[in-house]
Structure formats: C-alpha cells, structure tokens
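Work through the exercises below with the sequence and the structure at hand. Each task is followed by a solution in steps.

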Amino acid sequence: MKQTLMEIKERALSQINASETLDVLNEIRVNFLGKKGELTSVLKSLKDVAPEDRPKVGQLVNEAREILEEALESKKAAFEKLLREAKMKAETIDVTLPAKKPMLGHRHPNTIALEEAERIFVGMGYEVVEGPEIEYDYYNFEALNIPANHPAKDEQDTFYVTSNILLRTQTSPVQVHVMEQGKLPIRMIAPGRVFRSDEVDATHSPSFHQIEGLVIDKNITFADLKGTLAEFAKQLFGEETKVKFRPHHFPFTEPSAEVDVSCFKCGGKGCRFCKGSGWIEILGCGMVHPHVLEMSGIDPEEYTGFAFGVGLERIALLKYEIDDMRLLYENDMRFLKQF
C-alpha cells in the first residue's frame with residue numbers, strides 16, 4: 001500500500017509540474033483528488049487493510065493528499081500570476097497618447113439664435129414672456145383686430161381643438177394677456193412655437209417659432225420702432241447693417257411695415273444670397289392699432305406702442321446661411337455638428 005501511494009504521488013507531482021494551463025491542472029486535481037480519483041480510491045480500500053495497520057495507512061494517504069494539494073495550489077498561483085502579468089502588459093496605458101474626447105452635446109441652431117435675440121432685447125430693457133401654445137380664438141384673432149369674417153383669418157387658418165380653442169398661429173396672444181394685466185409701461189418679447197397649415201418646403205413648416213415684441217408707453221412713436229429695430233439688426237448681423245421699411249398691412253398695427261436689412265454678405269451690392277437686390281426681408285412691424293389697445297383696456301389717447309414679429313428660423317437661416325429650413329428638424333448629426 002505504501003508503494004502504491006508513493007507511485008501515485010510521484011506520478012501526480014510529475015503531471016502537475018508538466019502542466020501548462022489551468023484547465024489541465026484542474027483535470028489533474030479531479031483525476032487524483034476527486035470523488036473517483038486515484039488517491040480517494042486508496043482511501044476507500046482501507047476496509048481491506050488489517051485493523052492494526054489502518055491508522056498508519058490513513059496517515060500516509062493524508063500526507064500524500066496534503067503534498068498534492070500544496071503542489072496544485074502553488075502551480076495554480078504561478079499560472080494566475082503569469083495571466084495577470086500578461087493582462088497588465090496588454091492593458092498598459094501609454095500616457096503620451098492623446099486622450100479620447102467624450103462626445104459632448106451642444107445647443108441647436110434655433111436655440112443659439114433665440115439666446116442671441118433675447119440677449120439683445122434684454123440688453124435694451126425688454127422682458128422675456130412666454131405663454132400657452134393652445135389658445136382661445138379670442139386672444140389669437142379677435143383681440144388682435146381680426147374678427148371672424150376678416151380675410152386675414154383665412155390666411156392664418158390653423159389647427160382647431162374645438163370651435164373656440166386652437167393651436168396659436170402667432171405669439172401675439174401673449175402680448176394681449178400682458179396688456180390685459182394693465183401694468184404699464186410694457187417692454188416685452190414673446191418667443192415660442194406657433195402653428196399654421198403651411199405646406200412643408202425649404203422656407204415653410206406647419207410648426208415653427210416666432211419672436212414677437214411689444215412696447216406700450218406714453219409718447220411712443222414710429223421713430224422709436226425704427227431705432228429699436230435698427231439697433232437689433234446691427235447687433236445681430238453687424239455694425240454696418242442698414243434697415244429699410246416698406247409699407248405693408250397688418251390688422252393689429254397701423255401704420256404697418258415690412259423691414260429689410262442690407263445684405264451682410266455683399267454689403268448691399270447684390271449677390272446670390274440677396275438675389276441681387278442688396279436687401280433681405282427679416283420681419284414685420286407697426287404701431288399698435290388703437291382698437292387693439294381699447295380691447296385690452298388701455299386708453300389709446302394716453303398710450304401708444306409698437307409691435308414687431310420675426311421668425312426664429314428666419315434668423316437662423318440667414319445668420320448661418322442655411323438654404324433649407326427642413327435641415328433644422330431632420331436631426332442629422334453631420335449637419336448639427338457644424339454649429
């Protein structure tokens with residue numbers, strides 16, 4: 001029995017020393033120390049040994065098991081050390097290499113244009129006011145001097161929730177809400193999303209954004225309006241920018257005008273960007289109609305004011321020379337990363 005144990009031990013140690021992988025080492029453990037292993041089989045055969053020799057043979061088996069377990073653990077530790085060293089070598093960081101830049105988001109072109117416009121008007125003493133996108137017909141049309149049978153209402157036909165509630169076609173209802181509060185004077189801009197039943201093309205969308213402004217105070221004149229918009233255009237497009245006012249018609253202002261700015265690409269000489277005219281249309285404006293003031297509880301004999309409205313997308317398209325409004329909403333990262 002002692003000779004058999006010696007042979008098993010020597011053979012196991014030889015295989016352990018010759019093993020080259022952890023898998024092979026585990027197989028050796030199972031073959032010699034497992035439930036059906038050779039050393040376990042010897043232990044099970046103790047019943048055939050004379051009773052007086054059993055303690056001595058059991059001791060020899062346990063000594064052999066301890067030697068093999070120590071050899072297995074030592075070899076396993078050596079393998080794990082080699083694997084750890086190889087892994088550390090493979091994962092070595094070269095600190096001289098440039099770091100990987102994280103992908104950072106940034107503001108949308110519309111947001112950049114809006115924040116710049118707000119900065120300009122807040123710098124001139126204006127307050128930024130927001131209002132609901134779902135509005136009553138009264139505030140969207142009637143309070144702005146557009147009764148039910150007015151042709152202008154057909155031009156702005158929009159999305160109705162009920163016969164009396166609709167998605168606003170302009171941010172002017174916000175101005176009416178502020179006027180009805182009666183806190184004068186008023187200097188405000190109302191940015192926000194509006195809705196109209198327009199076909200989608202390069203310059204139109206059924207959903208877009210506006211920035212509308214309103215000033216109500218004593219002795220406000222058209223000269224104040226011209227000076228305000230001239231300053232806005234200079235800060236937005238450059239100090240050399242000039243403005244031109246063309247007569248127009250809006251139901252809620254009288255007199256009314258369309259405003260053009262001198263082309264900031266060619267300086268007014270005429271180019272592809274301004275279609276050779278030297279001027280680019282940017283917004284509409286006018287003096288607040290006396291009837292609009294009356295409907296909001298403001299005395300037109302004591303107070304006057306002006307209003308203006310510009311499309312936010314219009315500013316973004318012009319400022320960043322974008323040819324197609326649809327690009328702003330297609331979520332194409334190749335396009336948006338340019339801003």
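**Exercise 1.** Is Glu 281 buried, partly exposed or exposed in this predicted model, and with which side chain does Glu 281 form a salt bridge?

*Solution.* 
Step 1. The relative accessible area of Glu 281 is 38%. Buried requires under 20% and exposed over 50%, so Glu 281 is partly exposed.
Step 2. The partner is Arg 246, with an N to O distance of 3.4 Å. A salt bridge requires such atoms to lie within 4 Å.

**Exercise 2.** Locate the salt bridge between Lys 218 and Glu 302 in the chain, and classify the accessibility of Lys 218 and Glu 302.

*Solution.* 
Step 1. The closest N and O atoms of Lys 218 and Glu 302 are 3.2 Å apart.
Step 2. Lys 218 is in the loop between β5 (207-217) and α9 (222-237), while Glu 302 is in the loop between α10 (290-295) and β9 (304-311). The pair links distant parts of the chain, 84 residues apart.
Step 3. Lys 218 has a relative accessible area of 42% and is partly exposed. Glu 302, at 38%, is partly exposed as well.

**Exercise 3.** In what order do the strands of the seven-stranded open sheet follow one another, and which strands stand at the edges?

*Solution.* 
Step 1. The order is β1-β4-β5-β9-β8-β7-β6, and the pairing is mixed.
Step 2. β1 and β6 are the edge strands; each has a single partner strand, so one side of each is left without a neighbour in the sheet.

**Exercise 4.** Characterise strand β4 by its burial, its strand partners and the helix α5 that lies across it.

*Solution.* 
Step 1. In β4 (residues 186-195), eight of the 10 residues are buried, so the strand is largely enclosed by the rest of the structure.
Step 2. β4 pairs with β1 (residues 127-128) in the parallel sense over two bridges. In this pairing Val 128 stands opposite Ile 189.
Step 3. β4 pairs with β5 in the antiparallel sense over 10 bridges. Here Arg 193 stands opposite His 209, and Ala 190 opposite Glu 212.
Step 4. Helix α5 lies across β1, β4, β5 and β9, and runs at about 165 degrees to β4.
Step 5. Helix α9 also packs on the sheet, touching β6, β7 (253-262), β8 and β9. The direction of α9 makes about 150 degrees with that of β8.

Methods
Residues are numbered from 1 along each chain as its sequence is written. This is a predicted model: local features need pLDDT of at least 70, side-chain atom pairs count only at pLDDT 80 or more; totals for chains, interfaces and linings use all residues. Side-chain values use heavy atoms; hydrogens and water are left out. Helices (H or I, at least four residues) and strands (E, at least two) are DSSP runs, numbered from the N terminus. Buried means under 20% relative accessible area, exposed over 50%, partly exposed in between (1.4 Å probe, protein chains only). Two strands pair if DSSP finds at least two bridges between them. Contact means heavy atoms within 4.5 Å. Axes are lines fitted to C-alpha atoms, for helices over the stretch in contact, and angles run from 0 to 180 degrees between N-to-C directions.
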